[in-house]
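This report goes through selected helices, strands and residues of one protein model. The sequence and structure come first, and the notes follow.

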Amino acid sequence: MKKIILASQSPRRRELLALAGYDFEVIVSEVDEKITKNLPDEIAEDLSRQKAEDVLNIATKKYGNEVADYMIIGADTVVSVDGEILGKPKDREDAYRMLSMLQGRGHQVYTGVTIAWKEQTGIKSCTFSECTDVYFYPMTDEEIWAYISSSDCGDKAGSYGIQGPCAIHIKEIKGDYNNVVGLPISRLYQEIKKIER
């Protein structure tokens, strides 16, 4: 079994990998992420690929030929509503704008994942994405600002985390809950099994 390097500083992704029983190390990608696609699933997949490939290069410098013993996991999550991609908020006003768009309705959360590794024949990779539909209850301005004041939204796509204080405003989800947290761990497990056969 290959060792795992997670190409993400997200504490939520680290927690999901650990809960699934994986032993791993973290190397944070230094790539200047560039959006080159238009569809949300393609954007998430492409950004995950950029991170995984960057960390594979970093790991190659660190481990030399032993990098073949590792697989790199890169992931990126985007929120999509009415065709607009919502990333991390720039400030409190931007968070308010996003949450105002999401409250009282549904939207989609896409997480793209890339697994990359080296073999004698070269670099191999597997990229996929999962989509989860998330529905918010209506929120008053007071509720939106109260959530923003909790400081839970600053580093999250769409300005919210489903597993934190915002959970009281989530009406329903359709799809993988962990995908919204930031890593579709069950699908990742299935893809790793295929690679290791």
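## Packing of helix 3 and helix 4

The crossing of helix 3 and helix 4 is right-handed (a crossing is right-handed if the near helix is turned clockwise from the far one by less than a right angle, and left-handed if anticlockwise). Helices here are DSSP runs of H or I with at least four residues, strands are runs of E with at least two, and both are numbered from the N terminus. The model is predicted: local features need pLDDT of at least 70, side-chain atom pairs count only at pLDDT 80 or more, and totals for chains, interfaces and linings use all residues. Residues are numbered from 1 along each chain as its sequence is written, and side-chain values use heavy atoms, with hydrogens and water left out.

Two packed helices are described by the angle between their axes and the distance between the axes. For helix 3 (residues 92–102) and helix 4 (residues 141–149), the angle is about 130° and the axes are 10 Å apart. Axes are lines fitted to C-alpha atoms, for helices over the stretch in contact, and angles run from 0 to 180 degrees between N-to-C directions. Helix 3 and helix 4 are therefore oblique to each other; angles under 35 degrees count as roughly parallel, over 145 as roughly antiparallel, 65 to 115 as roughly perpendicular and the rest as oblique. Helix 3 contributes Arg-92, Glu-93, Ala-95, Tyr-96, Leu-99 and Ser-100, which meet Asp-141, Ile-144, Trp-145, Tyr-147, Ile-148 and Ser-149 of helix 4. By class, this contact of helix 3 with helix 4 has seven nonpolar, two polar and three charged residues. Ala, Val, Leu, Ile, Met, Phe, Trp, Tyr, Cys and Pro count as nonpolar, Asp, Glu, Lys and Arg as charged, and the others, Gly among them, as polar.

Arg-97 also lies in helix 3. Its relative accessible area is 34%, so Arg-97 is partly exposed (buried means under 20%, exposed over 50%, partly exposed in between, with a 1.4 Å probe and protein chains only). Not counting residues up to four places away in sequence, Arg-97 touches Glu-84 and Leu-86, where contact means heavy atoms within 4.5 Å. Arg-97 and Leu-56 are 41 residues apart along the chain, with their C-alpha atoms separated by 37 Å.

Helix 2 (residues 40–63) has 24 residues and should span 34 Å at 1.5 Å a residue; its end C-alpha atoms are 34 Å apart, which agrees. The expected span is 1.5 Å times one less than the number of residues. Gly-64 follows helix 2 and has a positive phi, near 60°.

Within helix 2 lies Ser-48, which counts as buried because its relative accessibility is 0%. Beyond its neighbours within four places in sequence, Ser-48 is in contact with Gly-74, Ala-75, Asp-76, Gly-112, Val-113, Thr-114 and Thr-127. Asp-69 is placed in the loop between helix 2 and strand 3 and is partly exposed, with a relative accessible area of 40%. Leaving aside neighbours within four places, Asp-69 is in contact with Lys-2 and Lys-3.

Val-78 is found in strand 3, and Val-79 lies in strand 3 (residues 70–81). Val-78 is buried, with a relative accessible area of 6%, and Val-79 is buried at 2%.

Among the contacts of Val-78, leaving aside neighbours within four places in sequence, are Pro-40, Ile-43 and Ala-44, together with Tyr-110. The C-alpha atoms of Val-78 and Glu-42 are separated by 10 Å, and the two residues are 36 residues apart along the chain. Val-79, not counting residues up to four places away, touches residues including Leu-102, His-107 and Gly-158. Val-79 and Gln-108 are 29 residues apart in sequence and 5.8 Å apart in space, C-alpha to C-alpha.

Phi is positive in both serines, near 65° for Ser-151 and near 70° for Ser-159. Ser-151 counts as exposed at 64% relative accessibility, whereas Ser-159 counts as buried at 0%.

His-169 is also placed in the loop between helix 4 and strand 7 (170–174). His-169 is buried, with a relative accessible area of 8%. Leaving aside neighbours within four places in sequence, His-169 is in contact with Tyr-135, Phe-136, Tyr-137, Met-139 and Glu-143.
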